[in-house]
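Please consult the sequence and the three-dimensional view alongside the text.

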Amino acid sequence: MKRQVTQLFSPEFDRRPLAVRPFLIAEAGVNHEGSLETAFRQIDEAADAGADAIKFQTYKADTLAVKDSPAYWDLRQEPTRTQHELFKKFDSFGEEEFRALKGRCDERGIAFMSTPFDARSAEFLNELVDVHKISSSDLTNKPLIDQVASYGKPILLSTGASDLEEIRRAVGWIHAHGTPVALLHCVLNYPTAEEDAALGRIVSLRQEFPDVPVGYSDHTLPADLEALVVAAALGACVIEKHFTHDRSLKGNDHYHAVDKELLARLVARLDRAVTLVGRFDLGMLEHEQVSRSHARRSLVTAVPIRAGTVIAAEHLTWKRPGHGISPAEIDSVIGRVAARDLPEDQILTWDDLS
């Protein structure tokens with residue numbers, strides 16, 4: 001059964017680290033490069049790999065950036081030198097295309113999401129999504145946040161390149177509408193070096209916003225996927241990772257994305273981590289019963305003891321197995337009287353004492 005990102009906002013949702021596998025969003029962005037066929041393929045491959053949602057980006061270059069807006073990505077990987085020029089390459093999708101993507105997602109049982117970067121995009125996407133996503137770049141964009149929050153649907157808000165007061169202010173804008181929000185730790189750098197991943201901020205966000213779900217939006221190079229597993233272990237209950245159908249493609253977000261194979265591997269690793277974490281309650285597991293009985297100690301006679309002898313500490317030692325009186329009860333044994341003759345190296349039971 002398809003998992004819903006809205007589950008994150010339920011009072012019953014268990015937010016303890018790896019209590020359940022994090023909700024996994026394959027961030028396709030505009031890696032479709034304007035091809036609906038490619039976008040459909042990405043939906044299919046993300047669904048096949050086990051992602052819970054696939055997310056796109058909805059914008060028009062002319063409403064997003066001025067003509068000479070400088071690049072902030074690795075120019076060796078993506079040589080386009082202005083934001084407007086780059087965004088113009090991939091802004092051909094309109095409402096018709098996004099409705100088609102939503103339909104394909106419904107067919108494949110994967111949640112459809114898209115980040116709006118302007119008012120019109122937010123308006124029509126509201127008809128298509130269950131949860132909205134606000135980019136780190138718009139964390140200070142009060143008009144857009146107010147518009148999206150006014151719809152009342154939960155919001156995932158990335159926190160890249162922001163300080164605590166900015167995050168608090170944005171959360172306040174959203175909560176003023178009575179709208180739920182989840183915060184995604186993010187580093188606004190493409191790609192993010194491992195030494196800059198700052199995954200400890202997941203813990204800090206959980207401490208600063210104890211009533212808000214916290215996740216992670218990742219821009220590190222996929223490598224061994226360790227950053228994502230560590231993020232989950234630190235309490236990220238939603239993980240967003242850039243996704244592509246072909247990691248060998250040049251430019252844009254392909255080079256720091258996962259493909260179908262890596263995404264499936266991530267799902268398997270997270271599922272394994274959930275299995276390893278297992279239960280949170282303290283207590284003996286059923287499979288420990290035999291080991292507990294045989295590996296624990298019992299009080300044992302250190303010397304022969306005649307019937308009627310008052311038991312003293314020097315009469316006792318402790319050895320395996322734990323089938324007799326536990327050493328935890330030694331204070332209740334000392335001072336009791338031997339009910340019968342007891343040989344050396346005998347496990348004591350309460351029947352041996354009077």
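The points below concern strand pairing, crossovers and cysteines. The structure is a predicted model. Strand S5 (residues 155-158) is joined by bridges to strand S4 (residues 132-134) and also to strand S6 (residues 181-186).

**Strand S5 and its side chains**
- Ile155 and Leu157 point one way from S5, while Leu156 and Ser158 point the other way.
- These four residues, Ile155, Leu156, Leu157 and Ser158, are all buried.

- S4 and S5 run parallel and are joined by three bridges.
- In this pairing, Leu157 of S5 has Ile134 opposite it.
- S5 and S6 likewise run parallel, with four bridges between them.
- Here Ser158 stands opposite Leu184 in S6.

**Crossovers through helices**
- Together with helix H6 (residues 142-150), strands S4 and S5 make a β-α-β unit that is right-handed.
- From S5, the chain passes through helix H7 (residues 164-175) to reach S6, and this β-α-β crossover is right-handed.

**Cysteines**
- The number of disulfides in the structure is zero.
- Cys237 is therefore in no disulfide: the nearest cysteine sulfur, that of Cys186, is 16 Å away, whereas a disulfide requires sulfur atoms within 2.5 Å.
- Cys237 counts as buried because its relative accessibility is 7%, and the cut-off for buried is under 20%.
- Cys105 also counts as buried, because its relative accessibility is 0%.

Notes:
Residues are numbered from 1 along each chain as its sequence is written. This is a predicted model: local features need pLDDT of at least 70, side-chain atom pairs count only at pLDDT 80 or more; totals for chains, interfaces and linings use all residues. Side-chain values use heavy atoms; hydrogens and water are left out. Buried means under 20% relative accessible area, exposed over 50%, partly exposed in between (1.4 Å probe, protein chains only). Helices (H or I, at least four residues) and strands (E, at least two) are DSSP runs, numbered from the N terminus. Two strands pair if DSSP finds at least two bridges between them. A crossover is right-handed if, with the strands pointing away from the viewer, the path from the first strand over the helix to the second runs clockwise.
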